[in-house]
Amino acid sequence: MSETTQTLGDMKSTLIKRQTGGDAQGQEAAERKLDALGRAYATGKRKNAIARVWLKPGSGKVTVNYRTEEVYFARPVLRMILRQPLVATNRAASYDIFATIVGGGLSGQAGALRHGIAKCLRIYEPDLGSTLRAGGYLTRDPRVVERKKYGKVKARRSFQFSKR
């Protein structure tokens with residue numbers, strides 16, 4: 001019988017090494033998951049909008065549903081929203097973005113696209129994760145419209161009361 005004594009920390013580090021096949025401290029570089037064309041893919045969501053986003057190195061061109069961002073998002077505020085993760089990480093002119101968006105309105109679609117771009121940036125460059133997390137770009141906003149209830153005009157609004 002072996003008389004070697006291991007501490008709980010030693011046992012934990014060997015278990016992690018066996019499970020991951022890497023360093024117990026997590027210093028091994030995170031693996032990038034890219035498709036055959038060298039693109040990162042992620043899905044972003046906001047309200048009822050769902051954006052499928054592909055990101056690849058390029059000149060900074062953004063294509064949404066086969067249209068340019070200026071045509072699809074006519075309001076400058078919406079274009080500013082979707083570019084926030086790129087500006088926060090100083091990658092505005094480094095990547096081309098292709099996205100397809102379904103559901104929701106333009107504001108929700110811009111938020112979904114922002115969420116998808118941030119997730120793609122983290123997949124392509126894992127070191128940017130802390131910057132994106134600090135800006136709140138990786139967090140999915142859970143707020144959705146409340147459903148209408150029976151006996152009400154809207155979700156909470158009642159019919160006008162009349163004594164007569």
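Ring pairs link Y41, W54, Y66 and F98 into a cluster. The model is predicted.

**Exercise 1.** Classify the geometry of the ring pair Y41 and W54, and state where each residue lies.

*Solution.* A search of the whole structure finds 5 aromatic pairs. For Y41 and W54, the ring centres are 5.1 Å apart and the planes meet at 45°. Planes under 30 degrees apart count as stacked and those over 60 as edge-to-face, with the rest tilted; the pair is therefore tilted. Y41 belongs to strand β1 and W54 to strand β2, 13 residues apart. Buried means under 20% relative accessible area. W54, at 17%, is buried, whereas Y41, at 37%, counts as partly exposed.

**Exercise 2.** Determine which class the pair Y95 and Y124 belongs to, and which elements the pair ties together.

*Solution.* The centres lie 5.3 Å apart with 75° between the planes, and the pair is edge-to-face. Because Y95 lies in strand β5 (residues 95-102) and Y124 in helix α4 (residues 106-124), the pair ties together parts 29 residues apart in sequence. Y95 is buried at 6% relative accessibility, and Y124 is buried at 10%.

**Exercise 3.** Describe how β1 is joined to β2, and how the side chains of β1 are arranged.

*Solution.* Strands β1 and β2 (residues 49-57) run antiparallel and are joined by 7 bridges. They form a hairpin with 2 residues between them, and K47 in the turn has a positive phi of about 50°. K45 stands opposite I50 in β2.

How values were computed. Residues numbered from 1 in each chain as written. Predicted model: local features only at pLDDT ≥ 70, side-chain atom pairs only at ≥ 80, totals over all residues. Heavy atoms only, no water. Buried < 20%, exposed > 50% of the residue type's maximum accessible area, 1.4 Å probe, protein only. Helix = DSSP H or I, 4+ residues; strand = E, 2+ residues; numbered from the N terminus. Pairing = 2+ DSSP bridges. Phe/Tyr/Trp six-rings, centres within 6.5 Å; stacked < 30°, edge-to-face > 60°.
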